[in-house]
Amino acid sequence: MTAKKRTIVAKFGGTSVGSAERMIQVAHIVENLSKVDRTVVVLSAMSSYIKAEGTTSMLLEAADDILLPNSTIYLDIVSKIEANHLKAVSEGIKNPAIRTDTAKDISHFCQRLRDFMSAAEILDEISPRSHDVIISVGEKLSARIFTSVLLDRGIKASFVNLDQIVQKSFDAKHLDQGFYDYLSSRLIQVISELEPDSIPVVTGYLGPIPGSIVATIGRGYTDLTAALIAVGLNARELQIWKEVDGIFTADPRKAPKARLLHSISPEEAAELTYYGSEVIHPFTMDQVIEASIPIRIKNAFKPEGQGTVIFPQKDTSNDTDSAVAVQHHPRATAITIKENITILNIHSKRKSVSHGFFAQIFSTLDKFGIVVDLISTSEVHVSMALGPHISREKIEMAVADLRKHARVGDFGGCVAICRNLIFPKVDTVSNMTILSLVGREMRQLVGVAALMFSTLAKYSINLEMISQG
């Protein structure tokens with residue numbers, strides 16, 4: 001009696017499937033995976049090594065162009081996208097019938113997109129839902145072509161379009177875990193309707209999400225799709241295939257001696273992602289880790305490597321289902337940097353700040369949608385690190401607002417006290433870098449901070465602020 005295969009969900013990034021040659025190589029990876037495990041494939045839109053040249057970035061650019069007066073650049077962008085994908089069809093599929101059918105579908109998707117964009121131009125409106133419809137085309141195109149690449153190799157596969165996955169109404173302002181549990185159940189419902197010996201090739205796009213998929217989930221929505229499928233199928237492993245060997249102790253492009261980490265904890269992975277390393281979105285990771293499913297980061301260009309495994313927090317010392325168990329490192333696990341940081345400094349010349357001082361600061365930042373990466377405080381001083389994604393315009397507006405409050409003297413909200421307030425000073429420092437040491441239980445490791453400070457001093461690097469958490 002043959003043992004029932006367990007499931008692996010394999011998500012491939014845009015660079016991994018960025019050309020016909022790459023798709024053929026990924027098809028070989030999928031073919032090998034499917035010999036051992038039932039395999040579900042989730043794809044991003046085709047991309048190059050330069051993110052701005054990827055299909056999703058081009059579609060976002062086209063969406064922005066629609067409402068510009070007398071502009072037809074969006075149509076040129078769609079034509080370029082169509083040509084790129086038809087080239088992949090021509091070069092990646094040998095069977096004439098499969099090639100012809102696939103090319104027709106690609107042209108059909110692109111023509112529907114042109115019609116949709118032209119209608120939006122006439123209406124002079126791009127709603128969040130319209131925005132989602134536009135960017136969804138990228139994943140449809142890549143998944144449709146890759147399905148045919150598998151079929152061309154004699155591998156049974158099914159194209160799964162998630163356009164209509166959301167069939168209930170949800171409040172965009174109150175999306176909780178129940179919404180993501182619903183998505184997971186719907187995904188499994190769709191996949192379970194396929195023939196069991198057919199490999200599902202799923203669009204990374206989840207359908208129109210309340211409040212817009214980019215605003216609600218972000219550009220990492222394809223990872224979330226894969227995670228929700230893995231949870232619903234109780235997968236043995238979620239594999240994220242990228243163009244790197246896994247997670248390193250530092251960025252190997254900047255630190256040639258950086259070592260590949262064979263395993264890492266979810267907390268360490270979340271810290272590395274937040275502070276500069278593109279690993280996997282923490283919310284996506286939470287979905288599978290809560291279900292005790294390991295995540296393996298692998299290199300689609302070097303599939304023979306073992307990659308890095310993010311293990312759920314459990315005792316894995318006797319784990320035989322995965323290649324390696326969590327290692328407790330005697331020092332920092334990894335070092336990461338996040339560049340183009342702006343430091344916002346607020347100084348008070350009083351001996352102690354008045355009641356409401358901090359509340360007013362964060363209320364002002366919230367007003368302009370500014371999220372703080374790091375914060376360091378003393379009795380009379382606050383320093384905050386603001387990420388590179390925050391525009392200079394937003395920062396300048398927030399600084400002006402904070403200075404306005406300082407002149408009026410309403411930090412603390414007490415007019416009688418504030419009349420005598422020696423007003424705070426607000427300034428910014430640009431082009432800074434966050435250097436983070438990441439590791440489990442580092443607070444118990446004696447000498448780590450001293451080693452970091454002495455190393456920075458050795459290379460004449462000054463510290464603007466320090467934070468621990």
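Predicted model: local features only at pLDDT ≥ 70, side-chain atom pairs only at ≥ 80, totals over all residues.
The model contains an open sheet of 8 strands, arranged in the order 3-4-2-1-5-9-10-8, with mixed pairing. Strand 3 (157-160) and strand 8 (263-264) stand at the edges. Each of these two has a single partner strand, so one side of each is left without a neighbour in the sheet.

Within the sheet, strand 5 pairs with strand 9 in the parallel sense, over 5 bridges. Trp-241 stands opposite Lys-298 in strand 9.

## Strand 4 and its surroundings

Strand 4 has pairings with strand 2 and with strand 3. Strand 2 and strand 4 are parallel and joined over 3 bridges, and Val-42 stands opposite Val-202 in strand 4. Strand 3 and strand 4 also run parallel, with 4 bridges between them; here Ser-158 is opposite Pro-200 in strand 4. Together with helix 6, strand 3 and strand 4 make a right-handed β-α-β unit.

Are the residues of strand 4 buried or exposed? Of its 5 residues, 5 are buried, and the strand is mostly covered. In a regular strand the side chains alternate between the two faces of the sheet. In strand 4, Ile-199, Val-201 and Thr-203 point one way, while Pro-200 and Val-202 point the other way. Helix 5 (residues 128-152) lies across strand 2, strand 3 and strand 4 (199-203), and runs at about 160° to strand 4.

## The nonpolar cores

In soluble globular proteins, nonpolar side chains tend to be buried together. The largest nonpolar core in this model has 50 residues. The members that touch the most others are Val-9, Leu-183, Leu-206, Ile-229, Leu-238, Ile-295 and Ile-310. Several elements each supply at least two residues of this core, including strand 2 (38-43), helix 8 (221-232), strand 5 (237-242) and strand 9 (295-299). Helix 6 gives the most, with 8 residues. Another core, of 46 residues, lies apart from this one, and Val-78, Ile-93, Ile-106 and Ile-134 are among its members.

Which residues are in contact with Ile-229, leaving aside its neighbours within four places in sequence? They are Val-9, Val-40, Val-42, Leu-187, Ile-188, Ile-191 and Val-202.

## A loop residue

Ala-255 is in the loop between strand 6 (247-248) and strand 7 (260-261). Its relative accessibility is 25%, so Ala-255 counts as partly exposed. Ala-255 and Ile-335 are 80 residues apart along the chain, and their C-alpha atoms are separated by 10.0 Å.

Notes:
Residues numbered from 1 in each chain as written. Heavy atoms only, no water. Buried < 20%, exposed > 50% of the residue type's maximum accessible area, 1.4 Å probe, protein only. Core = buried A, V, L, I, M, F, W, Y, C linked by side-chain atoms within 4.5 Å. Contact = heavy atoms within 4.5 Å. Pairing = 2+ DSSP bridges. Axes fitted to C-alpha atoms, helices over the stretch in contact; angles between N-to-C directions. Right-handed = clockwise from strand over helix to strand, strands pointing away.
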